Amino acid sequence: MADETVRDKRFWTSWAMTALVVLFLLVDAVGKLFAPKTIVDATVALGFDGVADTRAIGLVLLICTVLHIVPRTTLLGALLLTAYLGGAVAIQLRVDAPVLSTLLFGVYLGVIMWGGLWLRDERVRALIPLTQR
């Protein structure tokens, strides 16, 4: 019975973590695809050219996020999102963004994303053994 309770807690915690990350990334991707002036201006301030770049970034983010949502491609999506978030961190570093609130935000999302996947997927736990048995 205790084993089942641990599995249930792990299951719901993993999906809550995943939902948090996925919802944020989907909202970000859709915002970039619609490209309102505030988002385009923020993207230009980071060194990109404008609407076309903003929409391209949004499309890449949307594809990676959808791949992460689909169970068969969830690992591929997680790897691609990790690369995407690494790029976001690098761009924020380049513009001297505040460290804890902005620069490391992509790291926080990545940790939550991989944490949710680790809790949910036995293959990930085998690749990343955080505990000794």
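Helices here are DSSP runs of at least four residues, marked H or I and numbered from the N terminus.

**View 1**
Of the 133 residues, 31% count as buried. The accessible surface comes to about 8500 Å², and 72% of that belongs to carbon and sulfur atoms. What about contacts between residues at least 6 apart in sequence? Among these, 59% join residues at least 24 apart.

**View 2. How confident is the prediction, and where is it highest or lowest?**
The average pLDDT over the chain is 94, and 97% of the residues score at least 70. Confidence is highest in helix α3 (residues 51–69), with a mean of 98. At the other end of the scale is helix α5 (residues 99–103), where confidence is lowest, at a mean of 91.

**View 3. The loop between α1 and α2 holds Ala 35 and Pro 36****.**
Two neighbours, and how covered is each? Ala 35 sits in the loop between α1 and α2, and its relative accessibility is 12%, so Ala 35 counts as buried. Its phi is near 50 degrees, a positive value in a residue other than glycine. Pro 36 lies in that loop between α1 and α2 (37–45) too, but Pro 36 is partly exposed, with a relative accessible area of 36%. For a sense of scale, Pro 36 and Thr 65 are 29 residues apart along the chain, and their C-alpha atoms are separated by 21 Å.

**View 4. Thr 43 is a buried residue of helix α2****.**
Look in helix α2 and you'll find Thr 43. Its relative accessibility is 7%, and buried means under 20%, so Thr 43 counts as buried. Which residues does Thr 43 touch, once you skip those up to four places away in sequence? The answer is Phe 48, Thr 54 and Ile 57.

**View 5. Helix α4 has a buried side and a face turned away from it****.**
Now for the buried residues of α4: they are Thr 74, Gly 77, Ala 78, Leu 81, Tyr 84, Leu 85, Val 89 and Gln 92. Why do they end up on the same side of α4? Because they cover an arc of only 145 degrees around the axis. The face turned away from this buried side carries the exposed residues Leu 79, Ala 83, Leu 93 and Arg 94.

**View 6. Gly 86 belongs to α4, and Asp 96 comes after it****.**
Gly 86 is found in helix α4. Its relative accessibility is 39%, so Gly 86 counts as partly exposed. Gly 86 and Ile 128 are 42 residues apart in sequence, and 19 Å separates their C-alpha atoms in space. Beyond the helix, Asp 96 follows α4 and is found in the loop between α4 and α5. Asp 96 is not a glycine, yet its phi is positive, near 55 degrees. Is Asp 96 buried or exposed? At 70% relative accessibility, Asp 96 counts as exposed.

**View 7. The largest nonpolar core has 16 residues****.**
In soluble globular proteins, nonpolar side chains tend to be buried together. In the largest nonpolar core of this model, the residues that touch the most other members are Val 21, Leu 25, Leu 61, Leu 81, Tyr 84, Leu 109 and Met 113. Which elements give two or more residues to this core? They are α1 (2–34), α3, α4 and α6 (105–120). Of these, α6 gives the most, with five residues. Zoom in on Val 21: leaving out residues up to four places away in sequence, Val 21 touches Leu 109, Ile 112 and Met 113.

Technical notes. Residues numbered from 1 in each chain as written. Predicted model: local features only at pLDDT ≥ 70, side-chain atom pairs only at ≥ 80, totals over all residues. Heavy atoms only, no water. pLDDT = per-residue confidence, 0-100. Buried < 20%, exposed > 50% of the residue type's maximum accessible area, 1.4 Å probe, protein only. Arc of directions from axis to C-beta. Core = buried A, V, L, I, M, F, W, Y, C linked by side-chain atoms within 4.5 Å. Contact = heavy atoms within 4.5 Å. Areas by Shrake-Rupley, 256 points an atom, 1.4 Å probe, with all protein chains shown as cover.
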